[in-house]
Amino acid sequence: GGEYVEKFENDDRKGAEQCFNKAISLAPNFGLPHLHLGNLFSENRNLVKALEHWEQFALLDTENGSSVYSKIEAALFDLGRFSEVEKFYRQILDLDPSNFEAIIRLANVLDEKGESVAALNLVDNETFPGVLDVRAHIMKLKLSLVTSTPVELSHQIDNILDKLSQIDET
């Protein structure tokens, strides 16, 4: 680890890049070097390479991968490849079906494409314990704004408030 930090402090980008590539060849299933390489390429304005490595990181480390979701979306957007966002989140969910962050973001993408029923189904099919459950309900509420009556929306809000009060009691 010390070697990387040293290279960074001396601003030896080429050296740092070689270190990370070496780390990847030694431990191909370890996501962290991809995160650092992605950031390195991003600083050098090489979005295509940055994107490749961020996606690798997110797919290898599904637990911490959500930290780069915004970067991936922004990079795809800047590269004019925003249509690939949906494919990316579906890959994540194939590996980690209960990845809440990916579910919410995919639901947003589908909603923006006008596929609000598909978005709603995505959030509807997922049941999450505790606090996350509330986020799912709020997402459902957001997706229902266009299609539901004020009375139905009001009921949804009451359910969310109930959930929140249950959480407070625990």
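How many helices and how many strands make up the secondary structure of the protein? The count is ten helices and zero strands. Here helices are DSSP runs of H or I with at least four residues, strands are E runs of at least two, and numbering starts at the N terminus. Read from that end, the elements run α-α-α-α-α-α-α-α-α-α.

This is a predicted model, in which local features need pLDDT of at least 70 and side-chain atom pairs count only at pLDDT 80 or more, while totals for chains, interfaces and linings use all residues. Residues are numbered from 1 along each chain as its sequence is written, and side-chain values use heavy atoms, with hydrogens and water left out.

Start with the whole protein. Of its 170 residues, 38% are buried. Buried means under 20% relative accessible area, exposed means over 50%, and partly exposed lies in between (1.4 Å probe, protein chains only). Contact means heavy atoms within 4.5 Å. Among contacts between residues at least 6 apart in sequence, 39% join residues at least 24 apart.

Helix α3 (residues 32-43) packs with helix α4 (residues 47-60) at an angle of about 160°, and their axes are 7 Å apart. That angle makes α3 roughly antiparallel to α4. Axes are lines fitted to C-alpha atoms, for helices over the stretch in contact, and angles run from 0 to 180 degrees between N-to-C directions. Under 35 degrees counts as roughly parallel, over 145 as roughly antiparallel, 65 to 115 as roughly perpendicular, and the rest as oblique. The crossing of α3 and α4 is left-handed. A crossing has that hand if the near helix is turned anticlockwise from the far one by less than a right angle, and is right-handed if clockwise. Residues of α3 in the contact include Leu 32, Leu 35 and Phe 41. From α4 come, among them, His 53, Trp 54 and Phe 57. By class, the contact of α3 with α4 has eight nonpolar, six polar and one charged. Nonpolar covers Ala, Val, Leu, Ile, Met, Phe, Trp, Tyr, Cys and Pro; charged covers Asp, Glu, Lys and Arg; the others, Gly among them, are polar.

Arg 45 sits in the loop between α3 and α4. Its phi is positive, about 65°, although Arg 45 is not a glycine. Arg 45 is exposed, with a relative accessible area of 73%.

A second pair follows. Helix α5 (residues 69-78) and helix α6 (residues 84-95) pack at about 150°, with axes 10 Å apart. They are therefore roughly antiparallel to each other. Their crossing is right-handed. Tyr 69, Ile 72, Glu 73 and Leu 76 of α5 meet Glu 84, Val 85, Phe 88, Tyr 89 and Ile 92 of α6. This contact of α5 with α6 has seven nonpolar, no polar and two charged residues.

Stay on α6 for Glu 86. Is this residue buried or exposed? At 15% relative accessibility, Glu 86 counts as buried. Leaving aside residues up to four places away in sequence, Glu 86 touches Leu 106, Val 109, Leu 110 and Lys 113.

Finally, turn to helix α8 (residues 116-124), where Ala 119, Leu 122 and Val 123 are buried. These residues cover an arc of only 90° around the axis, which puts them on the same side of α8. The arc is that of the directions from the helix axis to the C-beta atoms.
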